[in-house]
Amino acid sequence: MTTGTQASNSKDGRTAVVSITVSFLQRGGRKQILSPPGTAPWSPAPRVDSALVKAVVRAHRWRHMLESGEYISSAELAKAEKVNDSYVSRILRLTLIAPDIIEAILSGRQPRTLQLDDLLKPLPAAWERQRSELG
């Protein structure tokens, strides 16, 4: 048995009770279950984070609009989309994220702790370093 885990059987032997010590971490308004040290981490079914997906899709759509000549600058695009030019620039950087990270975000397999704010911060150009920074 691992530390923090207890198991017992009922008198008739038909019921087993397992107690596992867990702690919760509040992260971005959500609670995250932390496993006891030395145990395998618990992970729920994949959950697609709509904010991350929306940002990635928006980044690729905006990049296409700029590359196709629909807009000649990010400032013009920002004005048309009614957002700040610096926001457009931060979102466009998402097109430079490693493909496997993008795939994980789209399928809901990204680390539970990954937030949109993490992606909007400057990231290294090297994909391997992105993977280590984003988990």
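So, secondary structure to start: this predicted model has 6 helices and 4 strands.

Now, how much of the protein is tucked away? Of its 135 residues, 24% count as buried. As for contacts between residues at least 6 apart in sequence, 51% join residues at least 24 apart.

Let's go inside. The largest nonpolar core has 23 residues, and the ones touching the most other members are Trp62, Ile91, Leu94, Ile105 and Leu119. Which elements give two or more residues to this core? They are α1 (50–67), α2 (74–81), α3 (85–92), α4 (99–107) and α5 (116–120). The biggest giver is α1, with 7 residues.

Have a look at Trp62 on your screens. Setting aside neighbours within four places in sequence, Trp62 is in contact with Leu77, Glu81, Val83, Tyr87, Val88, Ile91 and Leu92. One of those partners, Ile91, is also on the list of residues that touch the most other core members.

My last stop is Ile101, which you will find in helix α4. Is Ile101 buried or exposed? Its relative accessible area is 11%, under the 20% cut-off, so Ile101 is buried. Not counting residues up to four places away in sequence, Ile101 touches Gln130, Arg131 and Leu134. Take Arg131: Ile101 and Arg131 are 30 residues apart along the chain, while their C-alpha atoms are separated by 7.4 Å.

Key: Residues numbered from 1 in each chain as written. Predicted model: local features only at pLDDT ≥ 70, side-chain atom pairs only at ≥ 80, totals over all residues. Heavy atoms only, no water. Buried < 20%, exposed > 50% of the residue type's maximum accessible area, 1.4 Å probe, protein only. Contact = heavy atoms within 4.5 Å. Core = buried A, V, L, I, M, F, W, Y, C linked by side-chain atoms within 4.5 Å.
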